Amino acid sequence: MFEHFSTPRDLFEYQLGSALTMEDDSLTMLRELEVAAQGVEVKQQLLHHQQETQQQIANLEQAFQLIGKEPDRSPSPTTKGLMKEGTALVAKTDKRLVDSVVLSAALSTEHYEIAAYQSLCIAAESLGLTGVVELLKQNLEEEQHTSEELTQAARKLATALAAA
Ligand SMILES: [Fe+2]
Ligand SMILES: [Fe+2]
């Protein structure tokens with residue numbers, strides 16, 4: 001189907017749908033990474049973010065409700081690509097180093113999600129969609145917080161591995 005967007009509102013709605021696909025894929029990726037992870041703390045961190053991601057999906061569905069639309073999933077191939085890259089590297093890496101790959105793959109997704117929500121917040125603000133902005137900001141802040149947690153975990157692990 002050929003799609004063309006000529007208004008900021010249409011473009012925003014499409015991108016909101018891409019965020020929904022992005023979160024579905026993130027959830028799948030977090031589950032796979034949790035299985036691949038070796039350390040208990042890393043597993044717990046990934047599990048916690050799965051729960052947050054489920055709430056983020058609910059927030060996006062609510063955002064659709066607020067604009068009077070059914071949740072509509074638009075294409076979003078990026079997270080699928082990041083997942084593919086992460087999974088391929090996990091398969092090639094020694095178990096004792098796997099958590100470095102897991103944390104790095106998770107961090108890649110977080111940064112993509114942050115970028116997506118920053119743009120969506122800008123668009124929703126300019127369209128005067130106050131309630132939607134609040135929901136998107138909640139998601140953005142969680143992704144930023146997760147990105148910081150993952151960075152700390154990656155640093156701790158790298159230090160331990162270098163000392164081993
Ligand atoms: Fe997310
Ligand atoms: Fe996330």
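Colleague: At what angle do helix 1 and helix 3 pack?

Modeller: Axes are lines fitted to C-alpha atoms, for helices over the stretch in contact, and angles run from 0 to 180 degrees between N-to-C directions. Here the angle between helix 1 and helix 3 (residues 77–91) is about 10°, and their axes are 9 Å apart. Helix 1 and helix 3 are therefore roughly parallel (under 35 degrees; over 145 is roughly antiparallel, 65 to 115 roughly perpendicular, the rest oblique). This is a predicted model: local features need pLDDT of at least 70, side-chain atom pairs count only at pLDDT 80 or more, and totals for chains, interfaces and linings use all residues. Residues are numbered from 1 along each chain as its sequence is written, chains are lettered from A and ligands numbered from 1 in the order written, and side-chain values use heavy atoms, without hydrogens and water.

Colleague: Which residues of helix 1 meet helix 3?

Modeller: Contact means heavy atoms within 4.5 Å. From helix 1 come Thr 21, Met 22, Asp 25, Ser 26, Thr 28, Met 29, Glu 32 and Ala 36. They meet Thr 79, Lys 80, Leu 82, Met 83, Thr 87 and Val 90 of helix 3. The residues of this contact divide into 6 nonpolar, 5 polar and 3 charged (nonpolar: Ala, Val, Leu, Ile, Met, Phe, Trp, Tyr, Cys, Pro; charged: Asp, Glu, Lys, Arg; polar: the others, Gly among them).

Colleague: How many helices and strands are there in the chain?

Modeller: Helices (H or I, at least four residues) and strands (E, at least two) are DSSP runs, numbered from the N terminus. The chain has 5 helices and 0 strands. Its pattern along the sequence is α-α-α-α-α.

Colleague: Now the metal. What coordinates the iron ion (ligand 1)?

Modeller: Donors are N, O and S atoms within 2.8 Å of the metal (3.2 Å for Na, K and Ca); water is not among the atoms, so sites may look incomplete. The iron ion (ligand 1) is coordinated by Glu 23 (OE), Glu 23 (OE), Gln 56 (OE1), Glu 113 (OE) and Glu 143 (OE), at 2.0 to 2.3 Å. Glu 23 lies in helix 1 (residues 8–36) and Gln 56 in helix 2 (residues 40–66), so this pair ties together parts 33 residues apart in sequence. Glu 113 also bridges to the iron ion (ligand 2), and the two ions lie 3.1 Å apart.

Colleague: Is Glu 23 buried or exposed?

Modeller: Buried means under 20% relative accessible area, exposed over 50%, partly exposed in between (1.4 Å probe, protein chains only). Glu 23 is buried, at 0%. Gln 56 is buried too, at 0%. Across the chain, buried residues make up 41% of the 164 residues.
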